[in-house]
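Here is a short briefing on one chain.

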Amino acid sequence: MMKVLVVGGAGYIGSHAVLELIKDHHNVLVFDNLTSGFEDMVSEHATLIVGDIRDKNALDNVFKKHNDIDVVMHFAAKIVVPESVEKPLEYYSNNVEGVRVLLESMQENNIKNIVFSSTAAVYGEASGVCFEDDNTNPINPYGRTKLMGENLLNDWSNAKQGRHAVALRYFNPVGADPSGEIGEDPYDTPNNLMPFISQTAVGRRDYLQVFGNDYDTRDGTCIRDYIHVCDLASAIVKAVEEGPTNTPYECLGSNTGWSVLEVLDVMEQVTGKKLNRVVAPRREGDAVASVVDKLSDFVTLSKSIEDMCLDQYKLEIGKNE
Ligand code: UD1
């Protein structure tokens with residue numbers, strides 16, 4: 001059993017990681033400023049501390065009170081690409097300065113292990129398979145802040161023996177815990193494909209906008225590597241449980257690509273609903289295709305694309321009840 005501090009544990013991926021940690025009988029503390037996370041997404045078996053990772057005092061207090069924390073898991077980031085273009089300073093503050101302060105507080109309180117949430121967006125304009133060792137070349141502020149976070153971690157862990165840091169580059173997490181109780185932000189307009197499709201399936205939207213159908217892909221729409229958030233969470237927890245890796249980063253995806261139209265088809269199949277779609281212009285900054293070249297040893301794929309769609313749909317139904 002480990003004692004784990006999950007920063008950002010009230011958000012989409014963090015809350016699923018918390019469930020997974022609890023399933024494996026770890027002792028879980030959540031630290032979250034609740035700006036994009038929700039209190040009711042935190043498992044009742046975890047202790048929630050409300051605070052911001054840029055607030056060093058708040059972090060110091062946590063580490064002083066719990067001086068037996070084995071590892072910190074970091075999920076407390078801002079992740080919306082267009083917003084990062086409009087408000088870069090907020091992204092650098094939260095995603096870079098936040099990581100620096102967190103590391104500083106960990107260092108002063110003698111905490112040596114951290115697992116960091118990074119993203120496939122560090123690869124930039126992917127046009128097919130992403131090889132783990134491909135050069136990084138993020139094309140928007142969000143991706144750049146994540147890459148800077150990785151570099152910070154790397155430099156910090158290299159500076160002193162005994163420190164361990166790994167960055168996990170997530171591809172496209174979708175779906176929700178089948179309980180239907182936790183998932184993505186229920187209130188705001190979504191940013192990603194799957195919530196838009198599920199809102200279309202429950203009738204909250206009349207149609208899905210397909211952002212471009214003239215890409216050089218099998219059906220003209222962009223291809224992504226979707227992974228069920230529960231499979232992702234279990235991979236992240238496995239990375240924590242197995243202890244320090246030899247590599248500074250690791251890609252977590254499903255190693256399979258689906259186009260926008262293919263995901264729509266699967267959602268139609270599993271829900272039995274006809275989903276209207278309208279072809280819209282390409283979305284700026286979209287990669288043509290982004291699929292990881294191999295399955296990480298941490299990943300076990302227990303959920304199919306059908307499960308991903310169905311769980312996302314169930315979550316949406318729950319919100320609209
Ligand atoms: C996006 C970010 C990525 C980030 C991730 C976080 C961009 C360019 N990338 O990933 O850096 O890590 O979110 O969750 O924003 N689509 C439609 N109609 C819609 C919505 C999306 O056709 O209404 C298409 C998009 O054009 C894209 C695919 O669906 O081809 C997936 O989009 P999305 O779910 O937003 O994920 P990414 O763009 O891959």
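What share of the contacts in the chain with a separation of 6 or more comes from residues 24 or more positions apart? The share is 77%. The model is predicted. It holds nine helices and 15 strands. The radius of gyration is 19 Å, close to the 20 Å that the globule rule gives for 321 residues, so the chain is as compact as a globular protein of that length.

**Dimensions and burial**
- Along the principal axes, the C-alpha atoms fill a box of roughly 55 × 45 × 35 Å.
- Buried residues make up 55% of the 321 in the chain.

**Surface and charge**
- The chain has an accessible surface of about 14,500 Å².
- Carbon and sulfur atoms contribute 46% of that surface.
- Side chains include 29 positive and 49 negative ones.
- The centres of these two sets lie 3 Å apart.

**Strand S1**
- S1 spans residues 3-7.
- Five of its five residues are buried, so S1 is largely enclosed by the rest of the structure.
- In a regular strand, side chains alternate between the two faces of the sheet.
- Lys-3, Leu-5 and Val-7 point one way from S1.
- Val-4 and Val-6 point the other way.
- Residues on both sides are buried, Lys-3 included.

**Pairing of S1 with S2**
- S2 covers residues 27-32.
- S1 and S2 pair in the parallel sense, over five bridges.

Technical notes
Residues are numbered from 1 along each chain as its sequence is written. This is a predicted model: local features need pLDDT of at least 70, side-chain atom pairs count only at pLDDT 80 or more; totals for chains, interfaces and linings use all residues. Side-chain values use heavy atoms; hydrogens and water are left out. Helices (H or I, at least four residues) and strands (E, at least two) are DSSP runs, numbered from the N terminus. The radius of gyration is taken over C-alpha atoms; the globule rule is 2.2 Å times the number of residues to the power 0.38. Buried means under 20% relative accessible area, exposed over 50%, partly exposed in between (1.4 Å probe, protein chains only). Contact means heavy atoms within 4.5 Å. Accessible areas come from the Shrake-Rupley method with a 1.4 Å probe; for residues, only the protein chains shown count as cover. Lys and Arg count as positive and Asp and Glu as negative; His and the chain ends are not counted. The place of a charge is taken as NZ of Lys, CZ of Arg, CG of Asp or CD of Glu. Two strands pair if DSSP finds at least two bridges between them.
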